[in-house]
Amino acid sequence: MNLCVLVLGLSLVLTVCVARSPYQAVLQHSRIRGRLQGPNVCAMQQLKGTDKKYFTNCKQWYHRKICGKPTVITYECCPGYEKIPGEKGCPAALPLVNIYNTLGVVGASTTQMYSERAKLKEEIEGPGSFTFFAPSNKAWTALPTEILDALVSNVNIELLNALHYHMVNRRLTSEELKHGSSFASMYQDFPVHIQHYSNGIVTVNCARLIKPDQHATNGIVHVVDRVITAVSNTVQSLLDIDESLETLQTAMAAAGLTTMLENEGQYTVFAPTNEAFEKIPQETLNRILGDPVALRDMLNYHILKQIQCAESIVSGTPMETLQGTVLEVGCDGDQMTLNGKAIITKTDQLGTNGVIHFINELLIPDSAKVLLELAEGSSVATATRLFVEAGLTPYLTGSEALTMLAPLDDAFKGSLTMTPEMRKLMTNHIVKEQLSSKSLYHGQELETLGGLKLRVFVYRNNLCIENACIAAHDKTGRYGTMFTVDKVLSPPTGTVMDVLKADDRFSLLVGAIQTAGMTELLNQQGELTFFAPTNNAFTAINQLELNRLMRNRQELAGVLRYHLGEGMLVSGGVGSHTRIKPLQGDKLELGVRNYTVYVNKVPVADADLMATNGVVHAVNSIIKPLPPKVDRDREQADGPAALLRPAAFSLMISSRRWSGVAPAGR
């Protein structure tokens, strides 16, 4: 089995390496997948419930989906081969015949019939070297009745011209149909426009080649899925003549973009209709239309740098816009989608320099939004409501350069009633500059609208502002930036000692600190991380042992200093194997499990009590040094009880397992 997989893998690699174009790559991959069915058999993916088939690539083969819909694998002869009764696969090469006869063999018999009616038969039977983009039988059926009637009622002119437009006066294989190329057709030299996409799909005037490279004695036939028409207008001309795009026309002129779409290029325009503009609140629309920078950004967000025909899309793909950010262009069944939404109402309006798809919803990029609009389009609904209730709307809709720190919805706990304290808190979630998270550095101070200075902490795994760490990519708006953060800010209100004194849970710790003579240490400037034992931690110690410890000032100071780490480490900076050096003793080992921080296997009960000179994390147990690795292995073998014998805490201190904690001379 492994050998088979290896051989198949090598075959795929070698095949792809020699493939000369994206189409050839998927064709050859399909041949590999169909090999077990016999020679020259190609595996095709067919959309369930339709007759649409695709040559497959690796990703599609394993996902078994196209445009989000399930597919079934079918097997058929690869181009240029046919079956022989009684033999496996498709061993026989198709006999070469002229183009006219080839049309009847490859599923284009309607094109063959119309060729005869238009008196084109003699030309495509005779000498020459032609390329015929032949509409399939179904393509003719799908043509609107009035158009088909107009063609067949004047076969010598209209129908002949239409068929000649499907022809090029030279042989062009799929290999020669390069992306972005065009070739003069046999109808007044009007060009046909080729796109050859990286997923192997090839289009001519946005019609997909469903059976490429059907060779004939006097040329080659590519069967296409629709009837194509001559293109003579630029994209801008197409926009100008459509009444449903009048608002867009006005906006394009105001932004100075009309010249660009009149010139040569390869553009895809997602054109919002008048209805799409009408869906936008008038105040928002007026603001954007009156702001040349925002308007240009918004319109450029609707334009891709390349031609993207609807038939080229088989799955969601991020594509760069002229505005600089990306749109996800995808599909859902037979509907083309933008950013996952089926808002495209009409596709493939082809111009000489691009293609237009009509959309019924206006796309507004972040760069054209004010802060309030950025927040309303994100998962920060609670913060947005509180900003508004706090009376901060003028800042969030104005033109002042600001950065909003918006906590996620689940960061808010308890009562969310708007009080003076809550208003002050929300004001301190707005910083007085437009920042980028990429420009933040460790130790940087940011001033809020409320006048507070917030500190920036850069960790290996996170970027935090005080206790709140950035939880999503920046949203950069017209004037401001939104940082989505994982917690509500808890700005410092005093020193570490002030934080402990203000919290009744630490009353015994405060007494111990004073006894150990460490009050000044916890009040002075610096950066400390204190894993602060609560009253519960002290009452859990044997009373005799606690009394002995409290009488020995040096030993008590050693125990407390082991709980004090050098530097500021908020909970968001803790990774799977984080270490911090205490003021005395061996390193402290930290980790996170089920959203709880552990220090030397002791869970932190309450994290991130911020102070001006550090941060406090409450623990309900005295932290002890971890045993050496050998002892830890023994613990895992014997069970944790082996290390929890009576008076373990006393033994730990007296045996100097606190590195440097016991007083000298003992």
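A crossing is left-handed if the near helix is turned anticlockwise from the far one by less than a right angle, and right-handed if clockwise. This is a predicted model, where local features need pLDDT of at least 70, side-chain atom pairs count only at pLDDT 80 or more, and totals for chains, interfaces and linings use all residues. Residues are numbered from 1 along each chain as its sequence is written, and side-chain values use heavy atoms, leaving out hydrogens and water.

Q: Which way do H17 and H19 cross, left-handed or right-handed?
A: H17 passes H19 in a left-handed crossing.

Q: Why is H17 called roughly perpendicular to H19?
A: H17 (residues 381-389) and H19 (residues 420-427) pack at about 110°, with axes 9 Å apart. Roughly perpendicular means 65 to 115 degrees (under 35 is roughly parallel, over 145 roughly antiparallel, the rest oblique), so H17 gets that label against H19.

Q: Which residues of H17 and H19 make the contact?
A: With contact meaning heavy atoms within 4.5 Å, they are Ala383, Leu386, Phe387 and Glu389 of H17, and Met422, Arg423 and Met426 of H19.

Q: What makes H24 roughly perpendicular to H25?
A: The axes of H24 (residues 543-551) and H25 (residues 553-562) cross at roughly 105° and come within 5 Å. That angle is why H24 counts as roughly perpendicular to H25.

Q: Why is H2 called largely enclosed by the rest of the structure?
A: Buried means under 20% relative accessible area (exposed is over 50%, partly exposed in between; 1.4 Å probe, protein chains only). Ten of the 13 residues of H2 are buried, so H2 is largely enclosed. Among them are Tyr23, Leu27 and Ile32.

Methods: Helix = DSSP H or I, 4+ residues; strand = E, 2+ residues; numbered from the N terminus. Axes fitted to C-alpha atoms, helices over the stretch in contact; angles between N-to-C directions.
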